[in-house]
Amino acid sequence: MSDFMLIAVSTLDATIRVSTPLILCAMAGLFSERSGIVDIGLEGKMLAGAFAAAAIAAVTGSAWLGLGAAISVSICMALLHGFACITHKGNQVVSGLAINILASGLTVTLGIAWFHQGGQTPLLSGDARFFSIDLPGALAVADIPVLGTIYTQLISGHNALVYIAFMTVPVTWWLVYQTRFGLRLRAVGENPQAVDTAGISVFWLRYRAVICAGLLCGIAGAYLSIAQNASFIREMSAGKGYIALAALIFGKWRPKTALLACLLFGFLEALTVRLEGVPLPLIGEVPAQLMQATPYILTVVLLAGFIGKAIAPKSIGIPYSKER
Amino acid sequence: MLSQDNTSQGAARSPAIDLRKINKSFGPVKANKDVDLIVAKGSIHGIIGENGAGKSTLMSILYGFYEADSGEIWVNGKLTSIHSSKDAITTGIGMVHQHFMLIDTFTVLENVMLGAEQSSSLKQSKKSARAELQRLSTEFGLAVDPDAMTGDLAVGLQQRVEILKALYRGAEILILDEPTGVLTPQEVQQLFDILQALRERGVSVMLITHKLQEIIAITDEVTVMRGGTMVAPRETAKTNKEELAELMVGRKVLLRVDKEPAKPQQVLLEAKNLTLLDSAGIARLDDVSLQVRAGEILGIAGVSGNGQTELLDVLSGISAVQRGSVVLNGVNIDKNNVLNAKDFRHLSLGHVAEDRHKQGMVTQFSARECAIMGFQDEPEFNGRLLMDNAAVTEHCASLMQQFDVRPNNPHLKAANFSGGNQQKLCIAREIERQPKVLLVGQPTRGVDIGAIEFIHQQIVSLRDAGNAVLVVSVELEEVMSLCDRIVVMFEGRIVGEMAAVDADAQKLGLLMGNAGGGDSDNSTTGVVS
Amino acid sequence: MSNKTLPTWIDVGVIPLINVCLAFLVSGFVILLIGESPLEAVQWMITGAFGYAEGIGYTLYYTTNFIFTGLAVAVAFHAGLFNIGGEGQAYIGGLGVGLMCMSLDSFMPWWALIPFAIAAGAAFGAAWAFIPAYLQAYRGSHVVITTIMFNFIASALMVYLLVNVLIEPGSMSPQSRVLADAAILPSMKDVFAVFGVNIANSPLNIALFLALICCVLVWLLLWHTRLGYSIRMIGFNEQAAVYSGINTRRTIVITMCISGALAAMVGINEVMGAQGRVLLDYVAGAGFTGIAVSLMGRNHPVGIIIASLLFGALYQGGAELSFEVPSITRDLVVVIQGLVILFCGALSLMIKPTIEKLFMKFFAAKERANV
């Protein structure tokens, strides 16, 4: 029993760690897509952020400066996306793709030129990384069965960025559904012309949305390179941006459901590691690749309308111009 | 000169709007040329003109959508510069657009307060907005449920939300752009009651329309626009429809179509109990039955959006028959025998689409490619594997010759032809094969006067050759003069039928508002004069 | 709005050229940023790509892949579909080529085998494009998102197959067995040798001819067949296509299948040609490069050939560059690719107003001079 408990807790613990960047990116995508801007560039922004965080943390020795750098770089990429899609009415998918490819090439090119380690950044230690935090009372309750274990092992003991990630969900919900900014954000994704004629600048509103997306992707990137890992590794985002996008769609562009989708996809990944080489009763050994592909398969199935219907913001993907 | 007269008249109190020498060009096209306009405070001012006369451009300038190249805007006696809708709103100008600027997934309250929220917290904003909305509703008699989902409301109510939106922002000058196009006569009457209430409370209203009877019915003053210029300001009481119509088009309008009485023969097209549900399960066509005979032109009248488009789609094979059937040249088409648009054409049906930019042609294609739309699979345009491009070009050149399409260049991009010439090319394509049945949607929408006569003649001569024609038009005058028999559609149903010789605007107007059948003196639709 | 549009040569010639130049200009700044000389880098790249016979061979070998994936993107684009799935379709297509070759290579030489290999590759590639296409046409899910998902699914599937099924018994690396020598496409060296011309050895093989044939076929398809007419009409205006009696759903599915089949031809160049076996991730981003190629080549076969050649040269020149300048790797080419997609795709409209203004000025001046 306690064995099972331990396995369960450690799998869920891994789920939380794996889900963190997904949650941040999904919330990032939510801001962008609810404003009507398709964001397949989550991946690239996160990767660029990861590189910036590791590079600056390595040079300065400060994790917080690294986080700041990640956010700045990621916001710059987001602004580039905005410049192409909002100001110049470019194709949003093409722009997102360009950002992903650009990030993939630039991080390695600059990494090799600056650190000469084949695209990796120097290993970080000490203050240059985010380390796990023990929540108050974690040690005291550790021995209480079940609840204590859950508190100490599962809830406590993550780094600051994990807690930030989980906090972004209620914050996003509050911003989108309880504030003036959120009302306008949702409006501009549905009918930008209505927003414009109501005297609100569509451009500035959408720019703010992509900046929010940049901010959150930057945190996700920093998490990858200076919290979860101790350096930047080439292509370390490894499709997580796309999984987050899938989770956002799977969660029907809503914060709470998107969070659940991120946790589900994170759980699948944690399970993949856990089940590696372990035969399951009745089904036998499940190929790891099948588990890896499951989020994508689920999203395709959802999009095909076989489980519920995902209705995108009405004006998503359409550049706004005043001329009718 | 006339505007100077008006200025001296209104010197006592400055006008609500005073536009001076407004100019606006799009590339080489001058949309507004030295436009002067004066709107007195607390009046309803009509602006009338044909499509492309520059009305919308002028209003867009006033509402900050475009900036004028030159000219001055005076509001309430003050020189004002309006760079954006925000400026317009601050100046006290509100606008109800032809296509509503509403978020379907928002409640009425959210739509009204969008952009004019009192606080950064939604809860706070909603609270104060709710109180203000309540006040406006009572003051102007604009009842609407603040918590209703906007997308679920009827069109008339949505328009009311738009007016509330403008008032909520403190508009003292309200611009309405073609507000009645989508309304039933009853809704029009309600709208006009609202406008009168607004006028009584000192709001100045600018009504942009191309419908003469509305100008006569509601406005105090009227200005006519033509070809981007202000032609004439008039006091409504001292003018009449005939004079305005003449000013609008610049010459006597020829609304009569020269044609012999029809000699209807056998039925070539029949709709039997057609019912069509949209994706939301709402009946767009409701048990529609009609017959079109050889040698006659059947007109379908109605306010746009009452099922005419859907009817054309089903009768031409664009939408599949769901319930009921279509009999075309003796072939029965129903849900067990679904045919597409190409199959319908093979049964000798021609179809001039209502909207050539959305359906009837591809503006990015060259004229020659547009000239074979729907006939792309015909053997004469195809070799064994490849298309016979020379034959396609030749075909287009011959159509252009016969139907006087200018410029006579099959390789020119379709977008570079004028509206009239585009329509001529579409009609040429469909008529050239002498189809037994021809469907024509909005035959002369966006077409210049010269081409209108030509197009009407072509349709009549097709009828005289013993073919059946069905015309859908929102222009009552066109339906009455071109067609031999008229049916009226309302909310997807056929609500009345009469011979064209018996029809007049009042009878049709009553039917279009579904107020027919009773005493024709009963003027529920006060707008029809 | 304006009647005077830009002449075609400016629209399809000058503007894309300026956009490419902007992309290269920014790439130059990146090289400066890492402390190298952009001019020197360009020199090395040109030398590497065209300076010697082997380099040219490699350049054209990459070009071959990019023509296939570029055409794949372009065909879909004409129907208004953005096929991001070229990578996965090429990957799965190569599986089809590999399976067909492995089952027949013991008793068939390459020239007998190639029609079967093409058919199998095309069928696999088309099948991988079919599902997203079907879902778009009949279930309303967006082809961009589904093709992205299918790239990842393809990747997972191929890893599974190569590790568990296709792996050569006794081998440690996840790749299939090598095809019989006679079944592998002749390299250009062999072809030229027949005519007594000796050229350098390179992976360039006769798949280049297949690529050029595909260009002609795509050109014929789009502008000289009924299907092409329908495809382009759907891309411009789907409602007009329905009005014209075109079965838009079926056409969308067919277009995507053609697109997938074209992408799959990468398998002929790689699996049946250069590599002679199926191996992990052999597509190596060619599917994404195809997007850059198609955008740059304005979705026209001629433009695609030119853009493919440019990217082929970049790939080969980049390899040379990384060999000569240790602080630069081939990842720089990825940067350039991203910038080309950015400037030729996302920012393609940026310079148009400026060019329009300049042109009008020039035009007006000329008019005056003529008077």
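A: In this predicted model, 20 residues of chain B are in contact with 17 residues of chain A, contact meaning C-beta atoms, placed from the backbone, within 7 Å. On the chain B side, the elements that give two or more residues are α3 (85–91) and α5 (122–140) of chain B; helices (H or I, at least four residues) and strands (E, at least two) are DSSP runs, numbered from the N terminus. This side divides into 9 nonpolar, 7 polar and 4 charged residues, where Ala, Val, Leu, Ile, Met, Phe, Trp, Tyr, Cys and Pro count as nonpolar, Asp, Glu, Lys and Arg as charged, and the others, Gly among them, as polar.

Residues are numbered from 1 along each chain as its sequence is written, and chains are lettered from A and ligands numbered from 1 in the order in which they are written. Local features need pLDDT of at least 70 and side-chain atom pairs count only at pLDDT 80 or more, while totals for chains, interfaces and linings use all residues.

Chain B also holds an open antiparallel sheet of 4 strands in the order β2-β1-β4-β5, pairing being at least two DSSP bridges between two strands. Its edge strands, β2 (29–39) and β5 (78–80) of chain B, each pair on one side only. Strand β1 (residues 17–26) of chain B is joined to β2(B) by 7 bridges, and B:I22 stands opposite B:V35 in β2(B).

Elsewhere, 4 bridges join β16(B) to the parallel strand β17 (residues 437–441) of chain B, with B:V437 as the bridge partner of B:L349.

Terms used:
Two residues are in contact if their C-beta atoms, placed from the backbone, lie within 7 Å.
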